[in-house]
Amino acid sequence: MNIVDCIIIGGGPAGMEAANRLTDQGFQVLLFEKEPELGGKLRQWDKLFPDFTLAQDILKMLNDNIASNKLEIKTGNTIRELRQSTDEGNSKEWEVIDGNGESHRARTVLITTGFDFFDATRKEEYGYGIYPNVITSVELEEQLKNGKIEIASNSKNDPNIAFIQCVGSRDEKVGNHYCSRNCCICAVKQAIEVKELLPQSEVTCYYMDLRMFGQSYEELYRKAQQEFRVNFIRGRVSEISPTLENRVILKAEDTLLSRPIRATVDLVVLMVGMEPSETTAQLSKSLNMSDPYGYIASKNSYTADNETQHKGLFVAGTAKRQLAIPDVIRDADAAAFTIAKHLKNGK
Amino acid sequence: MQKHYWNEYQKEIAADRYFYARSCIRQTFFPGSETAFLKILQDELGKDIYDSADQHTCSGIGYHGDVVPFLTTSTVIARLFSLMTEAGYKNYVPSCITSFGLIVEVLDTWKHFPETLEQTRESLLKATGRTFEIPENVAHPSDIIYKFRNELKSKMKYQLIEKSTGRPLRGVEHIGCHYAKVFPDKGVGGAEFPHVLAGMIESWGGEVVDYPERRHCCGFGFRNYLVQANRGYSVSNSHKKFESMAPYKPDFIIANCPGCAMFLDKWQYTIAEMEGKTYDEQGRGIPVFTYEELAGLLLGYDPWKLGVQIHQVQAESFLDKIGIEYNPDEKYKGASGEELEHPQKPSVLKV
Amino acid sequence: MINFGYTLNKSGAINLVEADLSLYNDLMKKVPSFARCIGCGGCAATCAARQHTDFSVLKCNMLIRRGEYDTLSKELNKCMLCGKCSLVCPRNVNTRAMIIQARLLVNSFSKR
């Protein structure tokens with residue numbers, strides 16, 4: 001049986017980048033992707049924060065590299081099992097049972113199974129799935145991609161649009177203590193895009209804290225305030241209810257004025273957070289390397305962040321924690337470097 | 001496709017052999033409701049439900065009014081449980097929502113702090129010489145009616161449909177705060193989209209109104225209503241709800257809490273007298289029913305035997321919409337057929 | 001004493017050095033989740049009592065944290081204990097227990 005140098009599970013940006021970097025160096029790579037196409041969540045996105053780079057441009061660069069490299073790709077294939085191969089006493093090898101029940105062996109495995117969006121129906125008080133004008137940031141991005149924002153209400157006035165932060169993040173009620181890190185800046189980006197498409201609209205962003213930690217994030221926030229007149233209200237929205245005109249009313253506390261605030265709006269965008277994808281959660285559990293939320297815990301987040309507690313098993317990207325695209329790609333590069341070192345030392 | 005959250009909150013509701021605990025105030029404001037519930041369970045559904053003559057308050061009013069401490073309340077509730085144990089029942093059914101919420105709270109406290117259960121057992125034994133078993137199932141009567149809503153439908157003489165037009169009647173359902181806001185998993189449908197009363201309205205032919213202040217409290221708030229100076233605050237909450245529901249033109253309101261049903265009814269009179277405003281087109285107000293009264297009316301029980309004439313907002317407009325038969329001459333007849341004194345007419349609200 | 005027609009203004013600043021934080025510390029022991037509040041205001045937004053009075057769970061929380069107890073007892077009494085605030089809190093602060101325990105502590109505090 002052919003034993004490849006590295007099996008990569010998950011063909012999103014992390015898996016694609018790592019596959020390119022490893023084949024560049026002459027390693028034999030087998031890449032698994034559960035969807036029919038490579039690209040992961042990047043395929044669902046139109047423009048990226050903070051500079052409105054087209055997601056498809058990044059995707060094209062990754063795909064072009066893939067096309068010029070020689071590697072085996074299995075799309076539409078969800079792996080069934082990942083285990084350390086035990087026969088012949090050779091525990092250095094890894095075995096992957098793919099969706100068709102076929103066995104594949106590798107000297108190393110890289111997990112890039114990524115994240116899933118938080119299921120907004122779990123925040124019942126926001127009425128997602130009940131009120132048609134409550135949508136998620138993912139659905140808004142789809143609309144932005146099509147260049148048209150759908151307003152479900154019958155209102156003839158200029159639309160009022162509200163963004164709600166931290167839906168499924170920093171929320172003990174859904175079991176996610178962590179900050180998803182990308183939603184704050186993503187809302188700022190989307191708010192600007194909404195204003196560009198609908199200049200007459202009133203756009204308000206409800207937040208608990210605005211965390212503009214990345215390069216150029218704070219600048220984009222300033223731009224949203226100054227150039228696009230996006231309103232920012234510090235208060236967590238506690239519930240959403242319908243009106244007769246098919247609009248919705250949201251209730252929050254204006255914590256800075258210390259007064260309750262109510263707004264009737266035409267569209268609510270829930271900034272859904274990140275959670276480990278099903279496969280990420282499955283693998284982290286079955287191989288006993290889960291953090292408290294089901295993400296894969298790296299061996300040492302300071303010095304061995306692409307390694308796991310299992311020899312020859314590596315991890316990169318959002319299977320580990322919440323990262324933005326540039327971080328993911330850098331992390332995949334680092335993972336490829338670490339795997340190459342491992343493979344060379346093993347030879 | 002709309003998501004139905006309530007499917008994820010289906011609590012266990014015992015199917016038979018209930019121990020019934022009455023409410024402190026319901027027999028005054030809704031004199032026929034509890035009797036109707038017993039009748040529905042015994043006669044329509046053939047269930048075994050026991051109505052003890054020795055029962056008493058759960059002390060919830062005192063507890064929420066800050067005059068009765070927790071251990072006292074839990075001991076009083078333990079005595080109620082001992083009556084249930086003595087009668088040989090295991091499924092406890094408190095008529096009052098606050099009682100229901102408080103029992104759930106007490107049981108949860110006993111579970112997490114077993115020493116409080118021991119303390120309660122000791123206090124009860126010392127004070128009364130009684131012992132008790134923890135109920136296997138605690139369900140509110142509205143849960144039970146909800147469970148058997150479709151079975152009851154097949155026995156109903158009327159539906160929530162306007163006779164002249166065939167239009168489904170629009171109902172506002174109001175859930176008592178203590179039903180599921182404290183323990184969402186103990187209520188059918190949870191706290192945000194409770195389905196316990198909505199399910200009845202839908203099953204019985206009506207339409208549920210989802211208005212902006214649907215989840216808002218009626219304003220009772222115990223300590224707020226009980227002090228007269230604070231009542232303005234109480235009525236303001238109901239006022240807020242009426243203002244919010246009125247544009248939807250509801251035909252009726254149902255509630256599963258003693259306080260809510262009373263306030264949503266009586267405050268319509270107060271607001272009418274204060275501001276001259278009523279919340280329906282005819283100036284009669286929106287009729288408010290308990291879920292037992294509604295079930296009873298649709299089953300064809302005599303409205304006057306159900307006691308709906310005791311309400312502030314009179315029920316005739318609602319009865320006429322459906323075509324429920326009633327005899328106007330019997331409205332103020334006593335149990336032995338004598339004519340009772342008629343109530344005074346309010347100056348604004350039409351009766 | 002001379003009346004100059006004006007007086008010395010009292011400082012309106014919160015003085016954390018002189019503040020008596022004993023109630024805060026006691027409450028922290030009784031309701032440890034109290035420490036986790038991030039001041040998002042979700043509690044106040046959903047509060048029924050908030051709609052018609054200036055009662056705010058968040059404000060009570062802050063008054064306690066800063067040792068400002070003068071108006072606290074009056075504030076706490078406006079709560080109806082419906083529990084909706086506990087339901088929405090993203091940090092799972094046991095707000096209802098916080099109010100109940102703060103009431104008891106304020107009573108014993110004012111007796112001291």
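Ground rules. Residues count from 1 along each chain as its sequence is written, while chains are lettered from A and ligands numbered from 1 in the order in which they are written. The model is predicted, so local features need pLDDT of at least 70 and side-chain atom pairs count only at pLDDT 80 or more, while totals for chains, interfaces and linings use all residues.

Start with chain A. Its domain assignment gives domain 1 as 3-114 + 277-346, and domain 2 as 117-274. Those bounds come from an automatic or database domain assignment. The two centres, taken over C-alpha atoms, are separated by 32 Å. Domain 1 puts 10 residues into the contact and domain 2 puts in 18. Contact here is C-beta atoms, placed from the backbone, within 7 Å. On the domain 1 side, 5 of the residues are nonpolar, 3 polar and 2 charged. For those classes, Ala, Val, Leu, Ile, Met, Phe, Trp, Tyr, Cys and Pro are nonpolar, Asp, Glu, Lys and Arg are charged, and the others, Gly among them, are polar.

Next, a helix pair in chain A. Helices are DSSP runs of H or I, at least four residues, and strands are runs of E, at least two, numbered from the N terminus. α1 (13-24) and α2 (55-68) have axes that come within 9 Å and cross at roughly 40 degrees. That makes α1(A) oblique to α2(A). Oblique is what remains once under 35 degrees is roughly parallel, over 145 roughly antiparallel, and 65 to 115 roughly perpendicular. Axes are lines fitted to C-alpha atoms, for helices over the stretch in contact, with angles from 0 to 180 degrees between N-to-C directions. From α1(A) come A:Pro13, A:Met16, A:Glu17, A:Ala19 and A:Asn20; from α2(A), A:Leu62, A:Asn65 and A:Ile66. That contact has 5 nonpolar, 2 polar and 1 charged residues.

Now chain B. An open sheet of 4 strands runs β2-β1-β3-β4, with parallel pairing. Pairing needs at least two DSSP bridges. β2 (49-51) and β4 (137-138) are the edges, each with a single partner strand, so one side of each has no neighbour in the sheet. Parallel strands β1 (18-21) and β3 (91-94) are joined by 4 bridges. There, B:Tyr18 stands opposite B:Asn91. Helix α5 (97-112) packs on this sheet, touching β1, β3 and β4, at about 140 degrees to the direction of β3(B).

Last, chain B against chain C. How many residues does each chain give? Chain B gives 17, chain C gives 11. On chain B, α11 (223-226) and α12 (231-245) each supply at least two. α12(B) gives the most, with 4 residues.

Methods
Contact = placed C-beta atoms within 7 Å.
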